[in-house]
Amino acid sequence: MATLDLDRLSDYLGTQLPDLPRLTGAQQFSGGQSNPTYLLKAGDRRFVLRRKPGGPILPSAHAIDREFRLLTALAPTDVPVAPALHYATDETVIGSEFYLMDFVDGVVHWNPALPEMDPAHRRPVTFAMVDTLAALHRVDWRAAGLADFGKPNDYAARQIARWSRQFRATEDGSYPDMERLIARLEANLPEDDGRATLVHGDFRIDNLMYRADSDEVLAVLDWELATIGHPFADLAYMLMHHRLPNDSVFHGLGGIDRTAEGLPAEAEIIARYVAATGMAETPALDFWISLSAFRLAAILEGVRARIEEGNASDPERGRKLIRTIPDLIALGLNPAAPA
C-alpha cells in the first residue's frame, strides 16, 4: 500500500486550511479497489483523504474531482454525506490529485444479512438504506448546481457502450459469455422513459455509514461512479447484490431465509422505494438487474487488469472479487432467477 509524506502533506494543508492541526498519522483503508483512501490523524481530530491511484488508468476512471463536487452539492440536501473540505490539484504534494473530508464516526455493515444485529433491528436498518436511496433520487439535481453532471437521456444505452469499451480494453478472453450478455442487453434495451435523477452507481449497504446501534444513516460513501442517470439502475444494483450468494465475497442474501432472519423480502424493499419516491407503479427491473451484473463484471475485469499492472489498491481482496465474474455474468443472463 502506498504511503504518504505527512510532513509535505501537512505543510500543504496548512496553506489551504490554516485551522487544521499538523498531521500525526495516516493509515490506508483496506478493501477498496478504486481510489486509495486514508484515515488521517491530526491531534484529536480525524479526516479522510481520497486520491487517484498511481500508474496508468482508463479514460474517465477515478474522477475524484466529481466526487468532491457532488459531496459539496449534496451537503444542504436530505442525503447524508461527509463534509468535503478541500480539493488539491497539485500532484506534487502526494503524487496525485486528492481531496480531504471530515471523518464520520459510525459503523459500516459489511453483510446485508446483518448477522451482528438483533433480528428485530434488521428490517429498520435495511429500510433506512432504501429510504436513503429514495432521498438521493428525490434531489433536484439542477437546483443543486449539477445540471452538467451527466447526460439525462439514454442512460442505459450509454452504460452498455461505456462498460463494453472498458471491458474490451482490458479483457484477456477469459469470459466469452460476456459478449453474449452485451448482445442480450443491446437487444432488450428499453425505450427511454425520461426519468433522470442523481444515481450513486455503487449503492449497497457497505457504502453507508450508520450511527452505532441505530438505523440512522450518517453518510453515503464512495461516490466515484455517481452521475445523472436512470433511478432504476441504483435500485436494481442494490437488489442485484442481494441476489448474490451470502457465502461469496460480496455477501449477498442468496441462501438466506429472509423472513426467518427478520429481513424484508425483495418485494417489500421495492414497495418501500416506490412509496418513498411517489412512483405510481412497481417498476420492471429484470433488464436493470442484468445491466447491473454486467457493469460490475466489467468493473472487476478492470480490477484484474490493475492487479496485473501492479497498481491495484488492494490486490489480495481484488483477486477474491474477480472470482465472482462468472457468477455475475450468469446472473446477467438470467435476471429472473429467484432472489
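Is glutamate 216 buried, partly exposed or exposed?

A: Glutamate 216 is partly exposed, with a relative accessible area of 36%. In these terms, buried means under 20% relative accessible area, exposed means over 50%, and partly exposed lies in between, with a 1.4 Å probe and protein chains only. The structure is a predicted model, in which local features need pLDDT of at least 70 and side-chain atom pairs count only at pLDDT 80 or more, while totals for chains, interfaces and linings use all residues. Residues are numbered from 1 along each chain as its sequence is written, and side-chain values use heavy atoms, with hydrogens and water left out.

The partner of glutamate 216 is arginine 211: the two form a salt bridge whose closest N and O atoms are 2.7 Å apart. A salt bridge is defined here as a side-chain nitrogen of Lys or Arg within 4 Å of a carboxyl oxygen of Asp or Glu. Side chains of opposite charge can pair when their charged atoms come close. Arginine 211 also counts as partly exposed, at 40% relative accessibility. Elsewhere, salt bridges with shared partners join Asp172, Glu301, Arg304 and Glu308 into one network.

Arginine 204 and aspartate 206 form another salt bridge, with 2.9 Å between the closest N and O atoms. Here arginine 204 is buried, with a relative accessible area of 16%, and aspartate 206 is buried as well, at 13%.

A further salt bridge connects arginine 50 and aspartate 222, whose closest N and O atoms lie 3.2 Å apart. This pair links distant parts of the chain, 172 residues apart: arginine 50 belongs to strand E3 (residues 45–51), and aspartate 222 to the loop between strand E8 (217–220) and strand E9 (227–229). Strands (E, at least two residues) and helices (H or I, at least four) are DSSP runs, numbered from the N terminus. Arginine 50 is buried, with a relative accessible area of 7%, whereas aspartate 222 counts as partly exposed at 22%. By the stated rule, the count comes to 19 salt bridges.

The wider setting is given by the domains. An automatic or database domain assignment divides the chain into domain 1 (6–102) and domain 2 (107–333). Their centres, taken over C-alpha atoms, are separated by 24 Å. In contact across the two are 30 residues of domain 1 and 32 residues of domain 2, where contact means heavy atoms within 4.5 Å.

Aspartate 154 is not a glycine, yet it has a positive phi of about 55°. Aspartate 154 is placed in the loop between helix H3 (119–138) and H4, and is partly exposed, with a relative accessible area of 43%. Histidine 251, likewise not a glycine, has a positive phi of about 50°. The loop between helix H6 (231–243) and helix H7 (266–277) holds histidine 251, which counts as partly exposed at 31% relative accessibility.
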